[in-house]
Amino acid sequence: MKFSPFIVTFTIISISSMLLQATVLDTNQLRSGLSISNFSTTLATASSDKSDETKFWYWLNLARLQQANGDFTSSIHSFEYAYAILDEYENRATISLRNIGSFLGSSFMSKGSESYYGKGYERTSMHTLNALNYLMLGDFENASVEMRRMEQRQEFWLKESEVKIKEAAKKKEEARQQGSDTSRIPQSYSLASMLEDDDVRALVNNYQDPFSYTLSSIILDVSGLSSASGNSSQISLKRALALNPDVSKVFLNLPTLKPKMDVTVIVLSGIAPAMKIEKIRFPIFYGANYTSIDLPSYTVPKNDINNVTITTDQLQLQPPRLLKTDLMAYKTLKDELPGELAKSVVRATTKAIAAKQASDHFGNLGGLVASLVFDVGSSYADSGFRNWEMMPNSGYIAKFEAIKNSTVTIKLNNKQESFVLPSDKKGTIVLITYLTPDNIRIDHVTY
Amino acid sequence: MKTITNISLSITIAAILLSGCAPKGGAGMVGYDSNVKYGDAKAVETLTADFGSSDLQSTAESLTQSLLESRYIAKAQQPPKVRLRSVNNLTYEHIDTKAITDKIRIKLLKSGQVRFLADTANLNQVKDERELTASATANKESKALTDSDYIITGNVRSIKKANDDVQDVYYNVSLELVSPQSGEILWADEKEIRKVTSKSSVGW
């Protein structure tokens, strides 16, 4: 009996993919376990479940949970694991067998066979959030290191994006030769209109956010290292302003106040969209047949707020939303979708040909079995395709002057929190984490 | 025979395609075997391009030597009192700069050419030093603790550049000898380190 290499390969992959899914906390369990009554259990489960410890997203999710729990040292440790995974990926050999394998897997089998190493905005934000860990530990110098890393990390993403653009052009041509037009986004794709949204279009790029640069400016300033590094605080601020002019609303000085201190309030709220694989119908062979293609897509963000108000005896301000993770995710998807669409059409066409081969060799039943195996295999692989699902969806920053020992009140939608400023310090930085309406945490550091 | 070849080929391809499941131990999560041995603490270390033990040693060695040869130390009537302030980390790495200053302090003290005052590691500006001295002037005992002849400060900087195949990291460690009374920089020197790593052409 003669077996087609196609069929054998896909069968092995499909069965293996099923065996690989061993995660204890799936996306939904993780994201729905954040209320105050479930949070400690979710964190404990995520910490003890090491089945995904080789995955980039696992350490990012854990780092964020630990940060939201106020365990900044453990969070730093988890972020370092995530960095190590990404560093290893970025420094792989020019011709890497793993990269080739991942490319072939995603080209012929399923989008879910790709290993996830994060998008540009996630790679940027992991350093920003880790800088907050150092900041809350009072280590301004190492917080500054993270902000420099945040900028450095962007270089590889830019190179990677160039390669993706070239690959996309090749796949588009390949799809065209197979008789499929991939120049338009299918209307049945759930994010079709979202990707054309004005707010998404307005983003300068898909990897730099004004939140990170504003925070960088403040950290460099507070650490006293700005002048030693070429006035880097001002350079960061200029970049933030170029990304979003609303950054100018972050800072408010009140010269007449006495005795006064600097107050920086940072709010991280909600959780970012989670990645998923969406299956849609698509015409192939010049519209003669339809097939099911799988495209990367996102769920909606969760538990986010839309309004932050800060009040003291002297002022009331509404800091601008500077971190817009959902929009960054959509912008990345919009930029990558032409390539993803062409790839998924080529993938679907290849599967159709393999099923046809099975049918030719083993009759209709063989074709049906082959199709089922491919579908089940790719479904399993897709279900394990995860991103940084615990990344905050929004970030707000305000830096203002207030009288020492006075009260600051912060309203997050309809939830209100207050704290009293110290009487003997030059400044304070307050980090507010809003996971759910009943799970809000406030940490601070003074200097 | 052809069937066996096809199956073998398929399994090989499948193994490559399943690359998503990276082996346990990759990317910083290496489970080392209990294979411990002592190494030469002064041997050149080239594990990564990060600032490492060899860089720490060579930096401390060359900057200390340069400082001891400066006329403010070498030609002083009696060993001057020095306070070693922090070296600022302006790099992309979490470098323990205290390790640099500690090593320099030990080397300077061993030379017998300087005396050190107690460390005020978190005060890293000349202005702070002057304020400290001024506030202590009224109290003779405090003045003895704080009145240094010189202070030493510094920075570690790095510049990273990379293309598809090569990563180049340049480190610059600089030290300054400053008069706390006048703010004048009396001596300065630097140690430069360049590290180049290249990617292998083919690998796992």
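**How many bridges pair E3(B) and strand E4 (residues 166-178) of chain B, and in the parallel or antiparallel sense?** The two strands pair in the antiparallel sense, over 12 bridges. Strands count as paired here if DSSP finds at least two bridges between them. Helices (H or I, at least four residues) and strands (E, at least two) are DSSP runs, numbered from the N terminus. A hairpin of three residues joins E3(B) to E4(B), and Lys160(B) stands opposite Val169(B) in E4(B).

This is a predicted model, in which local features need pLDDT of at least 70 and side-chain atom pairs count only at pLDDT 80 or more, while totals for chains, interfaces and linings use all residues. Residues are numbered from 1 along each chain as its sequence is written, chains are lettered from A and ligands are numbered from 1, in the order in which they are written.

**View of the sheet in chain B.** Five strands form an open sheet in the order E2-E1-E3-E4-E5 (chain B), with mixed pairing. Strand E2 (115-116) and strand E5 (185-198) of chain B are at the edges with a single partner strand each, so one side of each has no neighbour in the sheet. Helix H4 (residues 97-111) of chain B packs on this sheet and touches E1, E2, E3 and E4 of chain B. The direction of H4 makes about 155° with that of E1(B).

**View of two parallel strands.** Strand E1 (residues 81-90) of chain B pairs with strand E3 (residues 150-162) of chain B in the parallel sense, over seven bridges. Look for Arg83(B) opposite Ile151(B) in E3(B), and for Asn88(B) opposite Asn155(B) in E3(B). A handy rule: in a regular strand the side chains alternate between the two faces of the sheet.

**View of chain B as a whole.** Chain B has six helices and six strands, and along the sequence they follow the pattern α-α-α-β-α-β-α-α-β-β-β-β. Of its 204 residues, 27% are buried (20 or more other C-beta atoms within 10 Å of the residue's own, with C-beta atoms placed from the backbone).

**View of a helix pair in chain A.** The axes of helix H7 (residues 120-136) of chain A and helix H8 (residues 140-152) of chain A come within 8 Å and cross at roughly 175°. That makes H7(A) roughly antiparallel to H8(A) (an angle over 145 degrees, on a scale from 0 to 180 degrees between N-to-C directions, with axes fitted to C-alpha atoms over the stretch in contact).

**View of helix H11 in chain A.** 14 of the 14 residues of H11(A) are buried, so the helix is largely enclosed by the rest of the structure. Just after H11(A), Gly224(A) takes a positive phi of about 75°.

**View of helix H9 in chain A.** The buried residues of H9(A) are Trp157(A), Ala168(A), Lys171(A), Lys172(A) and Ala175(A). Just after H9(A) comes Gly179(A), with a positive phi of about 95°.

Terms used
Parallel < 35°, antiparallel > 145°, perpendicular 65-115°, else oblique. Buried ≥ 20, exposed ≤ 12 C-beta atoms within 10 Å, placed from the backbone. Contact = placed C-beta atoms within 7 Å.
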